[in-house]
Amino acid sequence: MEYDDIIVGAGSAGAALAARLSEDPDRNVLLLEAGPDYSVVEQTPADLLTTWISAGPHDWGLTAQATPTREIPYPRGKVTGGGSAVNGHIALRGTPGDFDEWAALGNHEWSFEKVLPFHRKLEDDRDARGDFHGVGGPIWIERPPPENWQTLNRAFFDAARALGYAEVSDHNDPQSTGVGPWPRNRRGGVRISTAIGYLAPARHRMNLTIRAGVHAHRVIIENGRALGLEIECAGATQQVRGRRVTLSAGAIHSPALLMRSGIGPRDELAALGIKCQVNSPGVGRNLIDHPMVFLVATPIAGIPHDPQVTNPIGIRYTAAGSDEFNDMQMYILELFDANLSPGLALDLPVPSVSLVPGLQRPRSRGRLRLRSANPDVPPVIDLNYLADPEDMRRMADGVRIAWRLMHEGPLAPMLKEFVNMTAEVVNTKAALETFIRENCTTIFHPVGTAKMGPDSDPMAVVDQYCRVRGVEGLRVVDASIMPNIVRANTNLTCIMIGERVADWMRNSD
Ligand SMILES: Cc1cc2nc3c(=O)[nH]c(=O)nc-3n(C[C@H](O)[C@H](O)[C@H](O)COP(=O)(O)OP(=O)(O)OC[C@H]3O[C@@H](n4cnc5c(N)ncnc54)[C@H](O)[C@@H]3O)c2cc1C
């Protein structure tokens, strides 16, 4: 059988794309997912519904080189819903400047004005109204009301206000900067992944086939056209055929799939014995991620805390001396019971309270390479965090702000002692930079490894309609295509990408 569309990866972008394409009953859509599929919420393991997961059976178990001397676990969701099914359910949009930059780089279809309708279409925002927001879309978004904030979060909010950060009621308003509740894709305590928001209402369609436990090995390409995929299912290698093939396997696995299919830097492919179909030097380059670093303290005894409430307050701010709006974030993370955070790869003490500055507009670029042509061998992920001095400068600024928030305001009396930081380190440039290098980790947002761009950009892997250069009928639709990272957690942008491209694909061949 030949499908009209085969999509690899049922994650944030892929599930949205499959659901939208299969709204057309005349189109046969096959959605392939390497991880398991839970078709109803009642049968979904509890950890997939609540807290974020960074290890275990729904994770790919990857590692990455954060800096030349620091290797870290590098979680990626492996389940229908992909990253959206394991993530921290922070539902932030990029700033208008992020999308206008994409447009200025030669991708005029991705300006803020052009992507706004798709941001609105994907959401069912329960609190914010007006021109920037949507109602009735697949992803439920809410903000915790102040009366539900945890004691520690309230203190963090008050401390940030005392330091001069503006009060923000909607972090997704394009002008917002300051402290306020994170918008979250969470309803009644359940994370609304794309498996729940998009796939669940589409499962009855006879023209949508969802196959889990299927590992796509490579795209079959003949005479410059994608004809289907070589896949492995339950130990058997098979082929599936489709008129169009779309890779939505995420910013780590989509470029790996491209390279295994012969699309990538010619020399690297040759070294691994892979026949080059298209010499595309940009595949795997331009790897961008948001780094963060934890300042950890123990709380005094007796602070009330509801373990089901995670990350509800945050700061979006512009670093001192920076001219890039909202280029930083600050989180508070409270950990009171390790059992309630299954698979948390971070080695934090329990109980603990952390303030976590995170760089949103990194200048450093990393790189992804295939280690082997064997699809079971994970790629080499080199994040190259903080290689640019401006990245380090803004992170150091963030640590100093976190230290002040933990010392000067209403949060300070709730903290007993610091676990990994001293005043001497905070106040000594070299020591602080060493601390950051030795403790930085990921906010889990890799993007950019098959970036879009105009013909004039030799490093662009796809055009602005996400069509792979040099191969007919092949697209990449996921985090890989971002030419630069957005100043926000990346889930909503990935879903928006799925929505945006579905609109084109429904109206073209
Ligand atoms: C632990 C964690 C916490 C996060 N927290 C947040 C947050 O709070 N807010 C936020 O906005 N973002 C968050 N993110 C990031 C966000 O979830 C991702 O940016 C987003 O989900 C990426 O979407 P995607 O469509 O590019 O890929 P994914 O959602 O990763 O989807 C890719 C899918 O493809 C499948 N796949 C890969 N290779 C193959 C193959 N060869 N064959 C078949 N299937 C394959 C994968 O199993 C996966 O399901 C978090 C991510 C993680 C991992």
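A residue counts as buried under 20% relative accessible area, as exposed over 50%, and as partly exposed in between. Keep those cut-offs at hand for this tour of a predicted model.

**Stop 1: Ala 423**

Select Ala 423. Its relative accessible area is 39%, so Ala 423 is partly exposed. The residue belongs to helix H9, which covers residues 423–426.

**Stop 2: the whole protein**

Zoom out and colour by secondary structure. Along the principal axes, the C-alpha trace spans about 65 × 45 × 45 Å. Switch to colouring by accessibility: 61% of the 509 residues count as buried.

**Stop 3: the ligand**

- Trp 60: a polar atom of its side chain is 3.1 Å from a ligand oxygen.
- Gly 83: a polar backbone atom lies 2.8 Å from an oxygen of the ligand.
- His 89: a backbone N or O atom is 3.2 Å from a ligand oxygen.

How much of the ligand's accessible area does the protein cover? On its own the ligand has 1,000 Å² of accessible area, and the protein covers 98% of that.

**Stop 4: helix H1**

Stay with one of those elements and select H1. This helix is mostly covered, with 10 of its 10 residues buried. Among them are Ser 12, Gly 14, Leu 17 and Arg 20.

**Stop 5: the cysteines**

Select the cysteines and show their sulfur atoms. How many disulfides does the structure hold? The count is 0. Centre on Cys 494, which is in no disulfide. The nearest cysteine sulfur belongs to Cys 466 and is 11 Å away. The cut-off for a disulfide is 2.5 Å between sulfur atoms.

Is Cys 494 buried or exposed? Its relative accessibility is 9%, so Cys 494 counts as buried. Move on to Cys 276. Its relative accessible area is 22%, so this cysteine is partly exposed.

**Stop 6: Ser 364**

Finish at Ser 364. Look for it in the loop between strand S20 (352–359) and strand S21 (367–369). Ser 364 counts as buried because its relative accessibility is 8%.

Now show the Ser 364 side chain and what surrounds it. A polar contact of 2.6 Å joins this side chain to that of Asp 391. A polar atom of the Ser 364 side chain also lies 3.1 Å from the backbone nitrogen of Ala 387. Select Ser 364, Ala 387 and Asp 391 together to see both pairs in one view.

Key:
Residues are numbered from 1 along each chain as its sequence is written. This is a predicted model: local features need pLDDT of at least 70, side-chain atom pairs count only at pLDDT 80 or more; totals for chains, interfaces and linings use all residues. Side-chain values use heavy atoms; hydrogens and water are left out. A polar contact is a pair of N or O atoms within 3.5 Å; within protein, one must be able to donate a hydrogen and the other to accept it, and residues adjacent in sequence count only if both atoms are side-chain atoms. Accessible areas come from the Shrake-Rupley method with a 1.4 Å probe; for residues, only the protein chains shown count as cover. Buried means under 20% relative accessible area, exposed over 50%, partly exposed in between (1.4 Å probe, protein chains only). Helices (H or I, at least four residues) and strands (E, at least two) are DSSP runs, numbered from the N terminus.
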